[in-house]
Amino acid sequence: MPDRRSLWTRAVAGEPPDPTYGAIGTPIVQATSFVVEPGAVGFSAEDLGDEQPWFYGRWGSPTVRVLEKRLADLDDGEDAVCFASGMAAATGLLLHLLGKGDHALVSDVCYAGVAEFARGLGRLGVEVAFVDTSDLEEVRAALRPTTRVVYVETPANPTLRLADVEALAALTRGTGAALIVDSTIATPMGLRPLTMGADYVVHSLTKYACGHGDALGGAVIGRREDMASLRQRSLIHLGAALNPAAASLILRGLVTLPLRMRAHEEGAVRVARFLESHPRVRRVLYPGLDSHPQRALAIRTLRNTSGLLSFVADGGAALARQLGERLHLALYAVSLGKHRTLVYYLSTDDLIRTSYRLEGEAERRFRAVAGDGLFRVSVGLESPDELVADLGEALR
Ligand SMILES: *Cc1c(COP(=O)(O)O)cnc(C)c1O
(Lines give C-alpha, C1' and ligand atoms only; values in the text may rest on other atoms or scores of the structure.)
Protein backbone atom coordinates (compact mmCIF):
# COMPACT_ATOMS: atom_id res chain seq x y z
CA MET A 1 0.00 0.00 0.00
CA PRO A 2 1.47 3.39 -0.91
CA ASP A 3 2.41 5.59 2.04
CA ARG A 4 -0.02 8.53 1.86
CA ARG A 5 1.59 10.40 4.72
CA SER A 6 3.30 13.70 4.00
CA LEU A 7 7.02 13.75 3.33
CA TRP A 8 7.38 15.69 6.58
CA THR A 9 5.75 12.95 8.66
CA ARG A 10 7.61 10.22 6.78
CA ALA A 11 10.92 11.91 7.64
CA VAL A 12 10.03 12.22 11.31
CA ALA A 13 8.10 8.99 11.81
CA GLY A 14 9.33 6.73 9.02
CA GLU A 15 11.68 4.65 11.13
CA PRO A 16 10.03 1.39 12.18
CA PRO A 17 10.35 0.41 15.84
CA ASP A 18 13.13 -2.11 16.28
CA PRO A 19 11.60 -5.62 15.94
CA THR A 20 13.89 -7.18 18.56
CA TYR A 21 13.57 -4.81 21.49
CA GLY A 22 10.77 -2.46 20.46
CA ALA A 23 13.24 0.41 20.82
CA ILE A 24 11.95 3.57 19.12
CA GLY A 25 15.34 4.06 17.47
CA THR A 26 17.28 1.58 15.33
CA PRO A 27 19.96 -0.34 17.26
CA ILE A 28 23.53 -0.19 15.98
CA VAL A 29 24.56 -3.65 14.82
CA GLN A 30 28.32 -3.51 14.42
CA ALA A 31 28.88 -7.23 13.73
CA THR A 32 30.61 -7.94 10.42
CA SER A 33 29.64 -11.64 10.20
CA PHE A 34 26.25 -13.28 10.62
CA VAL A 35 25.41 -16.91 11.39
CA VAL A 36 23.80 -18.61 8.40
CA GLU A 37 22.43 -22.05 7.68
CA PRO A 38 25.09 -24.13 5.96
CA GLY A 39 24.44 -24.00 2.22
CA ALA A 40 21.89 -21.16 2.51
CA VAL A 41 24.13 -18.49 0.98
CA GLY A 42 26.74 -18.74 -1.75
CA PHE A 43 30.20 -17.34 -1.05
CA SER A 44 30.32 -15.11 -4.14
CA ALA A 45 28.57 -11.77 -4.64
CA GLU A 46 27.22 -13.39 -7.82
CA ASP A 47 24.95 -15.51 -5.62
CA LEU A 48 23.40 -12.54 -3.86
CA GLY A 49 19.61 -12.98 -3.97
CA ASP A 50 16.67 -10.78 -2.96
CA GLU A 51 15.87 -12.68 0.20
CA GLN A 52 19.48 -12.90 1.30
CA PRO A 53 19.92 -13.48 5.05
CA TRP A 54 22.54 -11.26 6.71
CA PHE A 55 25.89 -12.70 5.73
CA TYR A 56 28.87 -10.34 5.74
CA GLY A 57 29.07 -6.65 6.66
CA ARG A 58 30.39 -5.49 3.31
CA TRP A 59 27.30 -6.90 1.57
CA GLY A 60 24.86 -5.19 3.88
CA SER A 61 23.94 -4.96 7.55
CA PRO A 62 20.78 -4.32 9.56
CA THR A 63 21.37 -0.71 10.67
CA VAL A 64 22.52 0.38 7.21
CA ARG A 65 19.54 -1.41 5.66
CA VAL A 66 17.08 0.62 7.75
CA LEU A 67 18.78 3.78 6.46
CA GLU A 68 18.59 2.55 2.85
CA LYS A 69 14.85 1.98 3.15
CA ARG A 70 14.38 5.41 4.74
CA LEU A 71 16.30 7.11 1.93
CA ALA A 72 14.38 5.23 -0.78
CA ASP A 73 11.12 6.30 0.85
CA LEU A 74 12.07 9.99 1.10
CA ASP A 75 13.14 10.15 -2.56
CA ASP A 76 10.19 8.04 -3.80
CA GLY A 77 12.59 5.41 -5.10
CA GLU A 78 12.15 1.65 -4.99
CA ASP A 79 15.42 0.99 -3.19
CA ALA A 80 18.75 2.52 -2.18
CA VAL A 81 22.36 1.45 -1.69
CA CYS A 82 24.49 3.21 0.92
CA PHE A 83 28.21 3.87 0.53
CA ALA A 84 30.94 5.08 2.87
CA SER A 85 30.83 8.63 1.46
CA GLY A 86 29.18 10.71 -1.24
CA MET A 87 32.25 10.28 -3.44
CA ALA A 88 32.07 6.49 -3.01
CA ALA A 89 28.40 6.58 -4.07
CA ALA A 90 29.12 8.73 -7.15
CA THR A 91 32.22 6.85 -8.26
CA GLY A 92 30.68 3.45 -7.45
CA LEU A 93 27.72 4.28 -9.69
CA LEU A 94 29.82 5.70 -12.55
CA LEU A 95 32.17 2.70 -12.55
CA HIS A 96 29.14 0.43 -12.52
CA LEU A 97 27.48 2.07 -15.52
CA LEU A 98 30.46 2.95 -17.72
CA GLY A 99 32.93 0.84 -19.64
CA LYS A 100 35.31 0.96 -22.58
CA GLY A 101 33.80 2.69 -25.62
CA ASP A 102 31.05 4.40 -23.63
CA HIS A 103 30.43 8.13 -23.65
CA ALA A 104 29.33 10.21 -20.66
CA LEU A 105 28.10 13.78 -20.27
CA VAL A 106 29.00 15.43 -16.98
CA SER A 107 27.98 18.86 -15.74
CA ASP A 108 30.86 21.32 -16.26
CA VAL A 109 30.09 22.77 -12.82
CA CYS A 110 29.72 20.16 -10.11
CA TYR A 111 31.35 18.85 -6.96
CA ALA A 112 35.10 19.13 -7.63
CA GLY A 113 35.83 15.51 -6.69
CA VAL A 114 33.29 14.22 -9.20
CA ALA A 115 34.69 16.46 -11.96
CA GLU A 116 38.24 15.26 -11.26
CA PHE A 117 37.19 11.59 -11.14
CA ALA A 118 35.15 11.88 -14.33
CA ARG A 119 38.13 13.30 -16.22
CA GLY A 120 40.19 10.30 -15.10
CA LEU A 121 37.67 7.88 -16.65
CA GLY A 122 39.50 8.39 -19.94
CA ARG A 123 42.08 5.88 -18.66
CA LEU A 124 39.35 3.21 -18.73
CA GLY A 125 38.43 4.01 -22.33
CA VAL A 126 35.38 6.09 -21.39
CA GLU A 127 34.96 9.32 -23.29
CA VAL A 128 33.72 12.13 -21.06
CA ALA A 129 32.40 15.50 -22.25
CA PHE A 130 31.66 18.35 -19.84
CA VAL A 131 28.52 20.32 -20.67
CA ASP A 132 26.42 23.13 -19.27
CA THR A 133 23.48 21.06 -18.03
CA SER A 134 21.32 24.17 -17.68
CA ASP A 135 21.46 24.50 -21.48
CA LEU A 136 19.17 21.87 -23.00
CA GLU A 137 20.36 22.56 -26.54
CA GLU A 138 23.98 22.01 -25.51
CA VAL A 139 23.06 18.69 -23.87
CA ARG A 140 20.97 17.60 -26.85
CA ALA A 141 23.80 18.38 -29.26
CA ALA A 142 26.35 16.52 -27.13
CA LEU A 143 24.32 13.28 -26.84
CA ARG A 144 25.66 10.39 -28.92
CA PRO A 145 24.38 6.87 -29.61
CA THR A 146 27.09 5.67 -27.16
CA THR A 147 26.12 8.07 -24.34
CA ARG A 148 25.38 5.92 -21.29
CA VAL A 149 25.35 8.57 -18.57
CA VAL A 150 24.22 12.17 -18.15
CA TYR A 151 25.46 13.37 -14.75
CA VAL A 152 23.82 16.47 -13.32
CA GLU A 153 24.09 18.32 -10.03
CA THR A 154 21.26 20.68 -9.12
CA PRO A 155 21.64 23.11 -7.46
CA ALA A 156 25.29 22.84 -8.49
CA ASN A 157 28.16 23.51 -6.16
CA PRO A 158 29.50 26.25 -6.06
CA THR A 159 27.55 28.45 -8.52
CA LEU A 160 24.04 27.28 -7.49
CA ARG A 161 23.18 26.80 -11.15
CA LEU A 162 20.01 24.74 -11.65
CA ALA A 163 19.18 22.01 -14.15
CA ASP A 164 15.69 21.24 -15.39
CA VAL A 165 15.46 17.56 -14.43
CA GLU A 166 12.12 16.97 -16.18
CA ALA A 167 13.38 18.41 -19.46
CA LEU A 168 16.66 16.46 -19.23
CA ALA A 169 14.71 13.27 -18.53
CA ALA A 170 12.62 13.92 -21.65
CA LEU A 171 15.85 14.31 -23.65
CA THR A 172 17.52 11.14 -22.36
CA ARG A 173 14.43 8.89 -22.27
CA GLY A 174 14.78 6.00 -24.69
CA THR A 175 18.34 6.94 -25.68
CA GLY A 176 20.16 4.38 -23.52
CA ALA A 177 21.65 7.17 -21.40
CA ALA A 178 20.90 7.06 -17.66
CA LEU A 179 20.10 10.41 -16.04
CA ILE A 180 21.91 10.72 -12.70
CA VAL A 181 21.07 13.65 -10.42
CA ASP A 182 23.27 14.60 -7.47
CA SER A 183 20.60 16.03 -5.21
CA THR A 184 22.81 16.55 -2.14
CA ILE A 185 22.16 20.28 -1.87
CA ALA A 186 18.41 20.18 -2.55
CA THR A 187 17.71 17.14 -0.32
CA PRO A 188 14.36 15.34 -0.73
CA MET A 189 12.76 18.32 1.00
CA GLY A 190 13.61 20.47 -2.02
CA LEU A 191 13.63 18.13 -5.00
CA ARG A 192 12.76 14.52 -5.77
CA PRO A 193 14.40 13.82 -9.12
CA LEU A 194 13.06 10.24 -9.46
CA THR A 195 9.51 11.61 -9.61
CA MET A 196 10.67 13.86 -12.49
CA GLY A 197 12.07 11.06 -14.62
CA ALA A 198 15.67 10.72 -13.40
CA ASP A 199 17.05 7.17 -13.26
CA TYR A 200 19.37 7.58 -10.27
CA VAL A 201 19.69 10.02 -7.38
CA VAL A 202 23.02 10.46 -5.60
CA HIS A 203 23.39 12.01 -2.15
CA SER A 204 26.33 12.88 -0.02
CA LEU A 205 24.73 11.99 3.31
CA THR A 206 27.64 13.80 4.97
CA LYS A 207 25.80 17.06 4.30
CA TYR A 208 22.15 17.85 5.09
CA ALA A 209 21.00 14.24 5.59
CA CYS A 210 23.32 13.79 8.57
CA GLY A 211 23.21 17.50 9.32
CA HIS A 212 25.50 17.58 12.34
CA GLY A 213 28.92 17.26 10.72
CA ASP A 214 29.78 14.02 12.49
CA ALA A 215 29.42 11.24 9.91
CA LEU A 216 30.52 10.59 6.33
CA GLY A 217 28.12 8.72 4.07
CA GLY A 218 26.66 8.48 0.59
CA ALA A 219 23.76 6.83 -1.19
CA VAL A 220 22.35 5.99 -4.60
CA ILE A 221 18.58 5.65 -4.96
CA GLY A 222 16.69 4.17 -7.91
CA ARG A 223 14.84 1.16 -9.32
CA ARG A 224 14.92 -2.12 -7.39
CA GLU A 225 16.76 -4.13 -10.07
CA ASP A 226 19.27 -1.32 -10.66
CA MET A 227 20.02 -1.14 -6.93
CA ALA A 228 20.41 -4.93 -6.72
CA SER A 229 23.02 -4.95 -9.49
CA LEU A 230 24.74 -1.86 -8.08
CA ARG A 231 25.12 -3.63 -4.74
CA GLN A 232 26.26 -6.87 -6.31
CA ARG A 233 28.65 -5.55 -8.95
CA SER A 234 29.86 -2.32 -7.41
CA LEU A 235 29.48 -1.86 -3.64
CA ILE A 236 30.57 -5.36 -2.63
CA HIS A 237 33.72 -5.32 -4.74
CA LEU A 238 34.71 -1.70 -4.23
CA GLY A 239 34.22 -2.36 -0.56
CA ALA A 240 33.17 1.18 0.34
CA ALA A 241 30.49 -0.03 2.75
CA LEU A 242 28.91 2.44 5.17
CA ASN A 243 29.81 1.89 8.82
CA PRO A 244 26.72 1.05 10.95
CA ALA A 245 27.70 3.68 13.57
CA ALA A 246 27.73 6.35 10.84
CA ALA A 247 24.40 5.01 9.53
CA SER A 248 22.94 5.48 13.00
CA LEU A 249 24.07 9.12 13.14
CA ILE A 250 22.56 9.72 9.70
CA LEU A 251 19.28 8.06 10.75
CA ARG A 252 19.26 10.44 13.72
CA GLY A 253 19.77 13.33 11.31
CA LEU A 254 16.93 12.38 8.93
CA VAL A 255 14.37 12.75 11.70
CA THR A 256 14.91 16.52 11.81
CA LEU A 257 15.55 16.99 8.08
CA PRO A 258 12.21 18.80 7.41
CA LEU A 259 12.68 21.12 10.39
CA ARG A 260 16.33 21.80 9.63
CA MET A 261 15.76 22.44 5.91
CA ARG A 262 13.05 24.95 6.75
CA ALA A 263 15.46 26.73 9.10
CA HIS A 264 18.42 26.50 6.67
CA GLU A 265 16.25 28.05 3.94
CA GLU A 266 14.95 30.81 6.20
CA GLY A 267 18.48 31.66 7.35
CA ALA A 268 19.87 31.56 3.81
CA VAL A 269 17.18 33.89 2.46
CA ARG A 270 17.97 36.35 5.26
CA VAL A 271 21.75 36.16 4.74
CA ALA A 272 21.40 36.31 0.92
CA ARG A 273 19.28 39.48 1.10
CA PHE A 274 21.71 41.06 3.54
CA LEU A 275 24.68 40.27 1.30
CA GLU A 276 22.85 41.52 -1.78
CA SER A 277 22.45 44.92 -0.12
CA HIS A 278 26.07 45.07 1.10
CA PRO A 279 28.28 47.63 -0.72
CA ARG A 280 31.30 45.27 -0.89
CA VAL A 281 29.30 42.45 -2.45
CA ARG A 282 28.99 42.42 -6.22
CA ARG A 283 26.75 39.40 -6.75
CA VAL A 284 24.89 36.83 -4.68
CA LEU A 285 24.03 33.43 -6.14
CA TYR A 286 21.08 31.79 -4.40
CA PRO A 287 18.01 30.12 -5.96
CA GLY A 288 15.80 31.71 -3.28
CA LEU A 289 16.56 35.25 -4.52
CA ASP A 290 14.60 36.96 -7.28
CA SER A 291 17.95 37.87 -8.84
CA HIS A 292 18.84 34.20 -9.49
CA PRO A 293 19.03 33.82 -13.30
CA GLN A 294 16.83 30.72 -13.14
CA ARG A 295 14.41 31.97 -10.50
CA ALA A 296 11.37 30.80 -12.51
CA LEU A 297 12.76 27.25 -12.64
CA ALA A 298 13.51 27.41 -8.90
CA ILE A 299 9.92 28.42 -8.14
CA ARG A 300 8.55 25.72 -10.42
CA THR A 301 10.69 22.84 -9.18
CA LEU A 302 12.33 23.48 -5.78
CA ARG A 303 10.10 23.13 -2.75
CA ASN A 304 12.98 24.31 -0.55
CA THR A 305 15.89 26.40 -1.83
CA SER A 306 18.26 24.97 0.80
CA GLY A 307 20.97 26.72 2.81
CA LEU A 308 23.85 27.07 0.37
CA LEU A 309 24.70 30.36 -1.34
CA SER A 310 27.75 31.95 -2.93
CA PHE A 311 28.76 35.55 -3.34
CA VAL A 312 31.34 37.56 -5.27
CA ALA A 313 32.95 40.45 -3.38
CA ASP A 314 35.67 43.02 -3.87
CA GLY A 315 38.92 41.86 -2.31
CA GLY A 316 38.97 38.16 -3.21
CA ALA A 317 41.71 36.22 -1.43
CA ALA A 318 42.57 39.15 0.88
CA LEU A 319 38.95 39.34 1.96
CA ALA A 320 39.02 35.58 2.61
CA ARG A 321 41.89 36.14 5.10
CA GLN A 322 39.95 38.97 6.70
CA LEU A 323 36.85 36.78 7.10
CA GLY A 324 38.99 33.98 8.58
CA GLU A 325 40.23 36.41 11.22
CA ARG A 326 37.06 38.35 11.94
CA LEU A 327 34.20 35.86 11.77
CA HIS A 328 33.16 34.69 15.23
CA LEU A 329 29.90 32.85 14.77
CA ALA A 330 30.45 31.55 11.24
CA LEU A 331 33.46 29.25 10.81
CA TYR A 332 35.98 29.35 7.98
CA ALA A 333 35.83 25.71 6.84
CA VAL A 334 34.91 23.52 3.86
CA SER A 335 31.80 21.44 3.43
CA LEU A 336 28.14 22.28 3.84
CA GLY A 337 24.85 21.16 5.32
CA LYS A 338 25.89 21.26 8.96
CA HIS A 339 24.34 22.95 12.01
CA ARG A 340 27.16 25.53 11.95
CA THR A 341 27.56 28.19 9.28
CA LEU A 342 30.64 27.50 7.17
CA VAL A 343 32.30 30.01 4.85
CA TYR A 344 34.97 29.12 2.29
CA TYR A 345 36.65 31.00 -0.55
CA LEU A 346 37.03 29.24 -3.89
CA SER A 347 39.48 31.04 -6.16
CA THR A 348 38.38 30.90 -9.79
CA ASP A 349 41.95 30.49 -11.08
CA ASP A 350 42.46 27.51 -8.78
CA LEU A 351 39.15 25.86 -9.69
CA ILE A 352 39.73 26.29 -13.41
CA ARG A 353 43.31 25.04 -13.21
CA THR A 354 42.70 22.02 -10.97
CA SER A 355 39.18 20.65 -10.64
CA TYR A 356 37.35 21.96 -13.70
CA ARG A 357 40.06 22.55 -16.34
CA LEU A 358 37.69 24.84 -18.20
CA GLU A 359 38.77 26.61 -21.35
CA GLY A 360 37.28 28.68 -24.17
CA GLU A 361 33.57 29.40 -23.93
CA ALA A 362 33.12 27.28 -20.77
CA GLU A 363 35.85 29.24 -18.97
CA ARG A 364 34.40 32.57 -20.12
CA ARG A 365 30.96 31.48 -18.87
CA PHE A 366 32.31 30.43 -15.47
CA ARG A 367 34.30 33.66 -15.00
CA ALA A 368 31.24 35.72 -15.90
CA VAL A 369 29.42 34.15 -12.95
CA ALA A 370 32.20 33.58 -10.41
CA GLY A 371 34.48 36.59 -11.05
CA ASP A 372 37.90 36.08 -9.42
CA GLY A 373 36.41 33.79 -6.81
CA LEU A 374 33.32 32.75 -4.91
CA PHE A 375 32.68 32.93 -1.21
CA ARG A 376 30.57 29.89 -0.49
CA VAL A 377 28.35 30.15 2.57
CA SER A 378 26.57 27.13 3.99
CA VAL A 379 24.08 28.83 6.27
CA GLY A 380 23.65 26.85 9.46
CA LEU A 381 21.00 26.82 12.14
CA GLU A 382 22.18 29.79 14.21
CA SER A 383 19.93 32.82 14.72
CA PRO A 384 19.77 34.55 11.30
CA ASP A 385 19.98 37.99 12.95
CA GLU A 386 23.19 37.11 14.78
CA LEU A 387 24.66 35.56 11.63
CA VAL A 388 23.97 38.69 9.63
CA ALA A 389 25.57 40.78 12.39
CA ASP A 390 28.64 38.50 12.38
CA LEU A 391 29.02 38.69 8.59
CA GLY A 392 28.43 42.45 8.65
CA GLU A 393 31.24 42.97 11.19
CA ALA A 394 33.64 40.70 9.29
CA LEU A 395 32.94 42.39 5.92
CA ARG A 396 33.57 45.96 7.11
C1 LIG B 1 30.19 16.76 -0.54
C2 LIG B 1 29.58 16.46 -1.84
C3 LIG B 1 29.89 15.27 -2.51
C4 LIG B 1 30.89 14.28 -1.96
O5 LIG B 1 30.45 13.73 -0.76
P6 LIG B 1 31.44 13.20 0.42
O7 LIG B 1 30.47 12.65 1.40
O8 LIG B 1 32.23 14.38 0.90
O9 LIG B 1 32.31 12.17 -0.20
C10 LIG B 1 29.26 15.04 -3.71
N11 LIG B 1 28.38 15.91 -4.24
C12 LIG B 1 28.06 17.06 -3.62
C13 LIG B 1 27.09 18.00 -4.25
C14 LIG B 1 28.65 17.38 -2.40
O15 LIG B 1 28.35 18.53 -1.80
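Me: Where is the place of P155?
Reply: This is a predicted model, in which local features need pLDDT of at least 70, side-chain atom pairs count only at pLDDT 80 or more, and totals for chains, interfaces and linings use all residues. Residues are numbered from 1 along each chain as its sequence is written, and side-chain values use heavy atoms, with hydrogens and water left out. The peptide bond from T154 to P155 is cis, with omega near -10°. Helices (H or I, at least four residues) and strands (E, at least two) are DSSP runs numbered from the N terminus, and P155 falls in the loop between strand 4 (147-153) and helix 6 (165-172).

Me: What is omega near for the peptide bond from N157 to P158?
Reply: P158 belongs to the loop between strand 4 and helix 6. The bond from N157 into P158 is cis, and its omega is near 5°.

Me: What value is phi of L160 near?
Reply: L160 lies in the loop between strand 4 and helix 6. Its phi is positive in a residue other than glycine, near 60°.

Me: What percentage of the area that the ligand exposes alone does the protein bury?
Reply: A ligand nitrogen is 2.7 Å from an N or O atom of the D182 side chain, while ligand oxygens lie 2.8 Å from a polar side-chain atom of S204 and 2.6 Å from one of T206. Taken alone, the ligand exposes 380 Å² (Shrake-Rupley, 1.4 Å probe). Of that, the protein buries 94%.

Me: What is the volume of the largest cavity?
Reply: A cavity is a set of points on a 1 Å grid over the protein atoms alone where a 1.4 Å probe fits but cannot get out, with lining residues having an atom within 4 Å of a point. Three cavities reach 30 Å³ or more, where points join across faces, edges and corners and volume is the space filled by probe spheres set on them. The largest one holds about 80 Å³.

Me: Which elements give two or more residues to the lining of the largest cavity?
Reply: The lining includes L71, L74, T187, P188, H203 and S204. By class it has eight nonpolar, four polar and no charged residues. The elements giving two or more are helix 2 (62-74), helix 7 (187-190) and strand 6 (200-204).

Me: Which helices each supply at least two residues of the lining of the second largest cavity?
Reply: This cavity has a volume of about 50 Å³. Among its lining residues are R58, W59, V64, E68, R231 and L235. Six are nonpolar, three polar and three charged. At least two residues each come from helix 2 and helix 8 (224-238).

Me: Which residue in strand 11 does Y332 stand opposite?
Reply: Five strands make an open, mixed sheet in the order 8-9-12-11-10, where pairing needs at least two DSSP bridges. Strand 8 (281-285) and strand 10 (331-332) are the edges, pairing on one side only. Two bridges join strand 10 to the parallel strand 11 (342-347). Opposite Y332 stands V343.

Terms used:
Polar contact = N/O pair within 3.5 Å; in protein donor to acceptor, adjacent residues only side chain to side chain. 1 Å grid on protein atoms, 1.4 Å probe; cavity = no way out; pocket = protein on both sides within 12 Å on 5 of 7 lines; lining within 4 Å. Nonpolar A, V, L, I, M, F, W, Y, C, P; charged D, E, K, R; others polar.
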